[in-house]
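Have the structure open and follow along.

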Amino acid sequence: MPGRERAKYLFRVARLIQERSRELAVLESLDNGKPIKESRDVDVPLAAAHFFYYAGWADKLAYAGFGPEPKPLGVAGQVIPWNFPLLMAAWKLAPALATGNTCVLKPAETTPLSALLLAEILQQAELPPGVVNIVTGAGATGAALVAHPGVDKVAFTGSTEVGKQIQRALAGTGKRLTLELGGKAANIVFDDAPVSQAVEGIVNGIFFNQGHVCCAGSRLLVQEPVAEGVVEALKRRLETLRLGDPLDKNTDIGAINSSQQLEKIRELSDSGEAEGAQRWSPRCSLPTRGYWFPPTLFTDVVPAQRIAREEIFGPVLSVLTFRTPEEAVERANNTTYGLSAGVWTEKGSRILHMASRLRAGVVWANTFNRFDPSSPFGGYRESGFGREGGRHGLAPYLGSPLDA
């Protein structure tokens with residue numbers, strides 16, 4: 001199918017996502033537990049934006065920098081997580097379809113509903129049968145998809161442990177692979193940063209989507225002269241957050257996705273107290289039904305503690321301090337992950353200095369958790385490899401004429 005024809009289908013899908021945005025937002029919050037305002041204002045618009053963006057690339061691949069005649073790889077097997085079901089489906093499907101591949105997508109077993117509604121939207125857009133196939137199931141289904149001999153390329157977003165299993169399974173098979181895995185991002189606040197702006201960025205960095213974000217700023221590094229003031233301002237801000245019904249548009253923090261995830265968050269939080277960190281949560285009543293965890297702040301944290309090393313994937317923030325920019329870089333890079341980081345300062349030269357030294361795929365300056373379909377996203381080390389988004393997101397789905 002010519003690129004201009006593929007673009008027509010992608011534009012059509014993007015417009016249908018916009019037309020059915022309310023339906024998708026409600027379904028996403030019902031399925032995942034995230035606040036409706038996040039589904040409505042972030043997930044659904046970004047999903048549509050990715051289809052719009054890659055629709056624009058579909059007939060321009062010869063000018064994307066991958067050679068004069070880039071070819072699709074064939075069948076892409078795509079496994080997505082439960083934290084952003086619709087958005088992750090868009091991240092995977094849009095570039096794969098723009099480049100002429102067919103797809104088999106497996107959503108997480110706890111959040112399949114928005115992917116199934118997306119399948120209905122693809123049918124409504126009259127995408128030819130068999131171009132996108134959505135298969136539900138648990139881990140065994142994903143393993144079967146990854147190992148299937150008819151799959152030419154695998155894209156996985158999820159835990160580092162499963163990512164390692166996939167990489168071992170595909171070693172020597174010749175299949176292309178991209179992995180977007182976990183993270184333990186450092187959000188670094190210098191003494192010249194505007195405190196109120198930084199506090200909002202800290203809250204967005206870790207408590208957005210209940211902390212169920214691979215690039216969450218779960219380690220807060222604050223320069224010592226302002227550490228006490230920043231922590232006190234942060235506590236005051238956390239007192240104003242509303243935890244409760246995800247379908248209430250005033251809710252800031254929704255439900256934890258599953259009992260297994262809640263148990264992991266509790267276990268790691270308890271370990272923080274046991275290892276000597278000081279735990280604090282705002283006064284809030286938890287609903288009696290469902291899985292809930294209050295926004296939690298740990299101070300007196302040292303780098304050796306588990307809450308400073310392991311990905312919690314929940315609304316838990318560990319606060320550490322530093323004296324100099326060099327110490328901040330050392331502490332920020334003291335992790336097995338390398339997905340994202342944030343820097344808060346009024347000095348542009350300091351931002352550039354830090355960004356060039358932080359070992360992270362994405363570095364935000366005076367903001368956090370900002371995404372755009374034209375900007376590549378991905379990590380290093382145990383955060384995976386490959387990029388999604390932007391022109392770079394086309395490369396994993398393209399081969400040269402020799403590959404074909």
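## Helices that pack

At what angle do helix α2 and helix α4 pack? The angle is about 115 degrees, and the axes of α2 (residues 21–32) and α4 (residues 85–98) are 9 Å apart. That makes α2 roughly perpendicular to α4; angles of 65 to 115 degrees count as roughly perpendicular, under 35 as roughly parallel, over 145 as roughly antiparallel and the rest as oblique. Leu24, Glu28 and Asn32 of α2 make the contact with Pro85, Leu86 and Leu87 of α4, where contact means heavy atoms within 4.5 Å. A word on terms: helices (H or I, at least four residues) and strands (E, at least two) are DSSP runs numbered from the N terminus, while axes are lines fitted to C-alpha atoms, for helices over the stretch in contact, with angles running from 0 to 180 degrees between N-to-C directions.

Before going further, please note that this is a predicted model, in which local features need pLDDT of at least 70 and side-chain atom pairs count only at pLDDT 80 or more, while totals for chains, interfaces and linings use all residues. Residues are numbered from 1 along each chain as its sequence is written, and side-chain values use heavy atoms, with hydrogens and water left out.

Next, look at helix α1 (residues 3–19) and helix α5 (residues 113–124), whose axes come within 9 Å and cross at roughly 125 degrees. The two are therefore oblique to each other, and α1 passes α5 in a right-handed crossing. A crossing is called right-handed if the near helix is turned clockwise from the far one by less than a right angle, and left-handed if anticlockwise. Val13, Leu16 and Ile17 of α1 meet Leu118, Ile121, Leu122 and Gln124 of α5 in this contact.

Helix α8 (residues 195–207) and α9 have axes that come within 10 Å and cross at roughly 60 degrees. The pair is therefore oblique, and the crossing of α8 and α9 is right-handed. On the α8 side the contact is made by Val195, Val199, Glu200, Ile202, Val203 and Phe207, and on the α9 side by Val230, Ala233, Leu234, Arg237 and Leu238.

## Rings and charges

How many aromatic pairs does the structure hold? There are 10. The rings of Tyr53 and Tyr54 have their centres 5.0 Å apart and their planes at 85 degrees, so this pair is edge-to-face. Rings of Phe, Tyr and Trp (its six-membered ring) pair if their centres lie within 6.5 Å; planes under 30 degrees apart count as stacked, over 60 as edge-to-face and the rest as tilted. Tyr53, at 23% relative accessibility, counts as partly exposed, whereas Tyr54, at 0%, counts as buried. Here buried means under 20% relative accessible area, exposed over 50% and partly exposed in between (1.4 Å probe, protein chains only). Elsewhere, ring pairs link Trp91, Trp364, Phe368, Phe371 and Phe377 into a cluster.

Charges meet rings too. The charged end of Lys153 sits over the ring of Tyr397, 5.2 Å from its centre, and Arg350 lies over the face of Phe190, 4.5 Å from the ring centre. A charge sits over a ring if NZ of Lys or CZ of Arg is within 6 Å of the ring centre and within 35 degrees of the ring normal.

## Loop residues

Most residues other than glycine have a negative phi. Asp300, although not a glycine, has a positive phi of about 55 degrees; Asp300 lies in the loop between β10 (296–299) and α11 (306–309) and counts as exposed at 54% relative accessibility. Phe313, not a glycine either, has a positive phi of about 60 degrees. Phe313 is in the loop between α11 and β11 (316–322) and, at 15% relative accessibility, counts as buried.

Is Ile256 buried or exposed? At 4% relative accessibility, Ile256 counts as buried, and its place is the loop between α9 (224–238) and α10 (259–274). Leaving aside neighbours within four places in sequence, Ile256 is in contact with several residues, among them Gln210, His212, Tyr291, Trp292 and Pro315.

Ile166, in helix α7 (residues 160–170), is buried, with a relative accessible area of 8%. Not counting residues up to four places away in sequence, Ile166 touches Val146, Val154, Phe156 and Leu177. Gln260, in helix α10, is exposed, with a relative accessible area of 61%.
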